Amino acid sequence: MYSWIWQHLPGSRAMRVLQTLILVATVVTLLLLVVFPWVEPRLPFNEVTTG
Amino acid sequence: MAHALSPARGSLPPPRRRGDTTRTAIRGVGELLLTAGMVVLLFVCYEAYVTDWSSAAKQREATAQLEDAWRNPRGPVDRPIEGAGIAKMYIPSFGSDFVFTVLEGTGQDTLAVGPGHYQGTALPGQPGNFAVAGHRVGKGSPFNSLDLLSSCDAIVVETVERWFVYRVLPLRQESIDWARGKATQPQCHGVGPLTGRYADVVGKTIVLPAQTEVIAAVPGQPGQPGQRDMALITLTTCHPPFSARQRLIVHGILVAQYEKIAGQRPAELLTVSA
């Protein structure tokens with residue numbers, strides 16, 4: 001999967017490293033700002049009340 | 001690139017051999033599993049740290065609103081609005097900077113701002129049980145160290161007009177020898193094992209999530225609150241940390257209250273018991 005992505009990124013090695021960093025940053029941002037806030041209330045870790 | 005024999009990328013795919021497909025599939029699964037692990041680790045960081053940042057901003061805003069409401073009172077309110085700040089809570093044994101604005105209600109959105117007051121339970125200083133829930137991990141983790149509270153530790157609640165000083169009740173194992181043990185220490189003045197209807201109420205317990213009776217006016221005994229109830233405080237959080245299996249409960253009793261005087265803080269906030 002990762003090697004496939006790497007092979008399909010255009011440009012020189014430096015450009016590909018840059019694109020990889022941007023891709024990783026995008027995924028992390030999406031996870032932190034969209035996915036985790038959505039999924040969190042559906043998980044039971046944070047119930048602090050009785051009842 | 002300088003090498004004459006290296007083929008231009010993509011122009012000449014390497015010859016496929018038997019087993020390549022299997023190898024690719026297995027590697028793909030491995031990569032997915034590694035990725036899933038990284039995502040879970042990131043989620044732990046999110047829960048434990050990232051939620052703190054947004055909660056800190058919300059808590060600051062709630063505190064500013066509460067202080068503004070205290071400066072410009074809009075007449076008496078019989079029932080606080082859900083999500084609005086109702087009091088400030090200090091726990092000096094957690095450090096002189098430990099202060100949180102307690103909000104009305106225990107919904108998830110409210111608890112993301114700060115500790116939340118169980119609606120319908122007593123208000124600070126009233127007879128009955130002033131019950132407050134708070135996060136232990138993430139979201140500012142106000143009750144992160146609740147398990148470290150000792151008996152007689154002060155929980156100071158500030159409202160618009162008054163300071164209320166609650167102290168953690170004796171722990172179960174301390175109750176038997178209380179008079180000769182901790183009772184001699186100055187911070188334990190007014191604290192002792194409870195009797196009668198309250199005989200089962202101790203400083204710290206761990207209960208199951210469904211045991212709502214811990215926040216009853218007389219903890220452990222669900223029923224209508226009465227004017228002759230003692231003024232107690234109950235703090236609830238999750239237990240063990242990162243889990244929802246149980247709840248950690250801390251009970252305290254009102255030992256003192258003071259009229260607020262501008263610029264003055266109660267002595268309980270200045271001296272931290274060891």
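Guide: Two strands count as paired when DSSP finds at least two bridges between them. With that in hand, look at the model above, which is predicted.

Visitor: Which residue of E2(B) is the bridge partner of Met89(B)?
Guide: Start with the strands. E1(B) and E2(B) run antiparallel and are joined by 5 bridges. That clears the cut-off of at least two bridges. In E2(B), the residue bridged to Met89(B) is Phe100(B).

Visitor: E2(B) also joins E3(B); which residue there is the bridge partner of Leu103(B)?
Guide: E3 of chain B covers residues 116-117. It runs parallel to E2(B), and 2 bridges join them. The partner of Leu103(B) in E3(B) is Gly116(B).

Visitor: How many of the 6 residues of E2(B) are buried?
Guide: A residue is buried if 20 or more other C-beta atoms lie within 10 Å of its own. E2(B) is largely enclosed by the rest of the structure, because most of the strand passes that test: the buried count is 5 of the 6 residues.

Visitor: How many residues are in the largest nonpolar core?
Guide: In soluble globular proteins, nonpolar side chains tend to be buried together. Here, the residues with the most contacts inside the core include Met89(B), Val102(B), Ile155(B) and Tyr166(B). Helix H1 (20-71) of chain B gives two or more residues to this core, and so do several strands, among them E1 (85-90), E2 (99-104) and E5 (154-158). The core's residue count is 53.

Visitor: Leaving aside neighbours within four places in sequence, which residues is Ile155(B) in contact with?
Guide: Ile155(B) is one of the residues with the most contacts inside the core. Set aside its neighbours within four places in sequence. What remains is Met89(B), Ile91(B), Tyr166(B), Ile233(B) and Gly252(B).

Visitor: What radius of gyration does chain B have?
Guide: Chain B has 4 helices and 9 strands. Its C-alpha trace spans about 90 × 45 × 35 Å along the principal axes. For 274 residues the globule rule gives 19 Å, and chain B is well over that, so it is more spread out than a compact globule, with a radius of gyration of 26 Å.

Visitor: What share of the contacts in chain B with a separation of 6 or more comes from residues 24 or more positions apart?
Guide: Count as contacts the pairs whose C-beta atoms lie within 7 Å. Keep those with a separation of 6 or more. Residues 24 or more positions apart then account for 57%.

Visitor: What radius of gyration does chain A have?
Guide: Chain A has 2 helices and 0 strands. Its C-alpha trace spans about 60 × 20 × 10 Å along the principal axes, and 10% of its 51 residues count as buried. A compact globule of 51 residues would have a radius of gyration near 10 Å, but the value for chain A is 18 Å.

Visitor: Where does the largest share of the side of chain A that touches chain B come from?
Guide: In this interface 15 residues of chain A are in contact with 29 residues of chain B. The chain A side divides into 10 nonpolar, 4 polar and 1 charged. Its largest share is 4 residues, and they come from helix H2 (residues 13-39) of chain A.

Visitor: Is Lys139(B) buried or exposed?
Guide: Lys139(B) lies in the loop between E4 and E5 of chain B. It has a positive phi of about 55° although it is not a glycine. Most residues other than glycine have a negative phi. The cut-off is 20 or more other C-beta atoms within 10 Å, and Lys139(B) has 25, so it counts as buried.

Visitor: What is phi of Cys152(B) near?
Guide: Cys152(B) also sits in the loop between E4 and E5 of chain B. Cys152(B) is buried, with 25 other C-beta atoms within 10 Å. Its phi is positive in a residue other than glycine, near 75°.

Visitor: Which residue does a cis peptide bond join to His239(B)?
Guide: Most peptide bonds are trans. This one is cis, with omega about -15°.

Visitor: Is Ala199(B) buried or exposed?
Guide: Ala199(B) lies in the loop between helix H3 (172-175) and strand E7 (204-207) of chain B. Ala199(B) has 11, so it is exposed.

Note on methods. Residues are numbered from 1 along each chain as its sequence is written. Chains are lettered from A and ligands numbered from 1 in the order in which they are written. This is a predicted model: local features need pLDDT of at least 70, side-chain atom pairs count only at pLDDT 80 or more; totals for chains, interfaces and linings use all residues. Two residues are in contact if their C-beta atoms, placed from the backbone, lie within 7 Å. Ala, Val, Leu, Ile, Met, Phe, Trp, Tyr, Cys and Pro count as nonpolar, Asp, Glu, Lys and Arg as charged, and the others, Gly among them, as polar. The radius of gyration is taken over C-alpha atoms; the globule rule is 2.2 Å times the number of residues to the power 0.38. A residue is buried if 20 or more other C-beta atoms lie within 10 Å of its own, exposed if 12 or fewer, and partly exposed in between; C-beta atoms are placed from the backbone. A nonpolar core is a set of buried Ala, Val, Leu, Ile, Met, Phe, Trp, Tyr and Cys residues joined through C-beta atoms within 7 Å.
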